[in-house]
Amino acid sequence: MSAFKFLGKINNPDDLKKLSYDDLKVLSQEIRDKIIETTSVTGGHVAPSLGTVELTIALHYVFNSPKDKLLWDVGHQSYPHKLLTGRFDRFDTIRQFKGISGFPKRCESEHDILETGHSSTSISAGLGLAMAELLKGSRNKVISIIGDGAMTAGMAFEGLNQTGGLKPKNFIIILNDNAMSISKNVGAFSSYLSRIISAKSYNEIKDDIEELVLKIPSLGSKFMNIGRKIQESVKHLFIPGAIFEELGLRYFGPINGHDLGELISILYKIKEIDGPILLH
């Protein structure tokens, strides 16, 4: 068995927060090594979990699970989450008789909020949890992590529709867009996401416009309202349909889901912003 410098010492997300940025990069590779080492023997969901290593580290580094609630959709993205929430010593038993589950399992950990074997339930469930937190007067966040394949199902769109209507300020949706489901994604929504990725980020455009307007001597700040109207027009030019913002969610992205520094930075930013938010 491989020797791990950091992974074997992570018993809960609080241990993760003690590591430096350079340590976190080493930890990322250790998680990948552990997943490959184990699943080469037991089988399991390899690629989806390898694709969420940096995202999982960043989420547990920035948020405070289980007070802040992470919902994985579909559940086979969750192997890094299992390794960072006290299941390293049992990870070799994954998907084995009397072993740990290949999906989130509430009886395994307080960090497993929702049992999700298959897809498209996280937005609706997350919305319900977010509204419950608000009714309790809590400031805790609810974060639903949904794959682009799972996003195509009707229940996911139903959840987006209701989220835009209720506008819970503590709700974050993370769209993990890797162009794959069980096989390569097809259909109009997949093409829509591809167009977003190929276009310049709306947030970059917005920042460029603000910077340009504010450079106008003495009048810059007075023209910010005009600048915001220009932003809205430009948004529709560069993001086809701007569907998420039209549904009432504040959209951030697309960003590189494997850039740990960028992920941590943007998560800290959106953590302080009232939602609902979608990070692509």
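Reader: Which residues is serine 49 in contact with, leaving aside its neighbours within four places in sequence?

Author: Contact means heavy atoms within 4.5 Å. Serine 49 is in contact with Ile35, His76, Gln77, Ser78, Tyr79 and Pro80, its neighbours within four places in sequence left aside. This is a predicted model, where local features need pLDDT of at least 70, side-chain atom pairs count only at pLDDT 80 or more, and totals for chains, interfaces and linings use all residues. Residues are numbered from 1 along each chain as its sequence is written, and side-chain values use heavy atoms, with hydrogens and water left out.

Reader: Where is the place of serine 49? Is serine 49 buried or exposed?

Author: Helices (H or I, at least four residues) and strands (E, at least two) are DSSP runs, numbered from the N terminus. Serine 49 has its place in helix α3, residues 46-50. Buried means under 20% relative accessible area, exposed over 50%, partly exposed in between (1.4 Å probe, protein chains only). Serine 49 has a relative accessible area of 0%, so it is buried.

Reader: What does the side chain of serine 49 reach?

Author: A polar contact is a pair of N or O atoms within 3.5 Å; within protein, one must be able to donate a hydrogen and the other to accept it, and residues adjacent in sequence count only if both atoms are side-chain atoms. Here the serine 49 side chain reaches the backbone oxygen of histidine 76 at 2.9 Å.

Reader: Take another serine. Where does serine 101 lie, and what does serine 101 touch beyond four places away in sequence?

Author: Serine 101 lies in the loop between α5 (79-83) and α6. With residues up to four places away not counted, serine 101 touches Lys82, Ile94 and Glu108. Its side chain reaches the backbone nitrogen of phenylalanine 103 at 3.0 Å. Serine 101 counts as buried because its relative accessible area is 19%.

Reader: Now the sheet. What order do the five strands have?

Author: Strands of a sheet pair through backbone hydrogen bonds, either parallel or antiparallel. Two strands pair if DSSP finds at least two bridges between them. This open sheet has the order β1-β2-β3-β5-β4, with parallel pairing. β1 and β4 (250-252) stand at the edges with a single partner strand each, so one side of each lacks a neighbour in the sheet. Neighbouring strands are turned by 20° against each other on average, direction ignored.

Reader: How many bridges join β1 to β2?

Author: Five bridges join β1 to strand β2 (residues 142-147), and the two run parallel. Leucine 70 stands opposite isoleucine 143 in β2.

Reader: Which residues of β1 are on each side?

Author: In a regular strand the side chains alternate between the two faces of the sheet. Lys69, Leu71 and Asp73 are on one side of β1, Leu70 and Trp72 on the other, and all are buried.

Reader: Which strands does helix α12 lie across?

Author: Axes are lines fitted to C-alpha atoms, for helices over the stretch in contact, and angles run from 0 to 180 degrees between N-to-C directions. Helix α12 (residues 260-271) lies across β3, β4 and β5, running at about 175° to β5.

Reader: At what angle do α6 and α7 pack?

Author: Two packed helices are described by the angle between their axes and the distance between the axes. Helix α6 (residues 122-135) and helix α7 (residues 154-166) pack at about 30°, with axes 8 Å apart. Angles under 35 degrees count as roughly parallel, over 145 as roughly antiparallel, 65 to 115 as roughly perpendicular and the rest as oblique. So α6 and α7 are roughly parallel to each other. Residues that meet there include Leu127 and Met131 in α6, and Leu160 and Thr163 in α7.

Reader: Which residues does a cis peptide bond join? What is phi of lysine 98?

Author: Most residues other than glycine have a negative phi, and most peptide bonds are trans. A cis bond joins aspartate 73 and valine 74, with omega about 5°. Another joins glycine 275 and proline 276, again with omega about 5°. Phi of lysine 98 is near 65°, a positive value in a residue other than glycine. Lysine 98 is found in the loop between α5 and α6, and counts as exposed because its relative accessibility is 76%.
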